[in-house]
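User: Could you take a close look at one residue in this chain for me? I'd like to see its setting first and then its neighbours.

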Amino acid sequence: RADEAKTAADAVNTRADAIERASKRLIYEVVLTEDKGGFKFGQATVPDEAVSEIDQLVQQLKSNPNGAFIEIEGHTDATGGKDLNYRLGLERAESVKRYLYETHQVPLHKINVISYGEEKPVGENKTKDGRAQNRRVVIKVIA
């Protein structure tokens, strides 16, 4: 019964993701992961290595604004509790939002922040490299 519920939930999530993608036009995306100099284990501050990638995104945005909207997703690995990971993902996304606002004066009403915590892994949480890939922030520029 639990397996049936999980299968049904996965199907709903897949469909919701498809609807979300169809309703928004993704212009470009930047992924800040630990293995590319991004967020370290348990940390929420924007790493120096990630700053240049964010700055590059802002330059693209300024050269081609298109009335763009920025969506920032915070993600974590599965280490630790679910509530802690949700909060850490949110803190990571909020720190990127704060950087965009304070450094580049990106209007706050053009930025949306969401935390997925450990819910959307891209790597295997059983390996060190997989966990490093899962500790990430995804910045999407949407028209």
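Analyst: Happy to! From the N terminus on, the elements run α-β-α-β-α-β-α-β, which makes 4 helices and 4 strands in the chain. Please keep in mind that this is a predicted model. The radius of gyration is 16 Å, close to the 15 Å that the globule rule gives for 143 residues, so the chain is as compact as a globular protein of that length. Along the principal axes, the C-alpha atoms fill a box of roughly 50 × 35 × 20 Å.

Now to the residue itself, Val30. Val30 belongs to strand β1, which covers residues 26–33. Is Val30 buried or exposed? With a relative accessible area of 11%, Val30 falls under the 20% cut-off and therefore counts as buried. Across the chain, 38% of the 143 residues count as buried.

Next, the neighbours. Leaving aside residues up to four places away in sequence, Val30 touches Glu53, Leu57, Val137, Val138 and Ile139. Val141 is also worth a look: Val30 and Val141 are 111 residues apart along the chain, yet their C-alpha atoms are separated by 8.7 Å. For the chain as a whole, if you take contacts between residues at least 6 apart in sequence, 74% of them join residues at least 24 apart.

Key:
Residues are numbered from 1 along each chain as its sequence is written. This is a predicted model: local features need pLDDT of at least 70, side-chain atom pairs count only at pLDDT 80 or more; totals for chains, interfaces and linings use all residues. Side-chain values use heavy atoms; hydrogens and water are left out. Helices (H or I, at least four residues) and strands (E, at least two) are DSSP runs, numbered from the N terminus. The radius of gyration is taken over C-alpha atoms; the globule rule is 2.2 Å times the number of residues to the power 0.38. Buried means under 20% relative accessible area, exposed over 50%, partly exposed in between (1.4 Å probe, protein chains only). Contact means heavy atoms within 4.5 Å.
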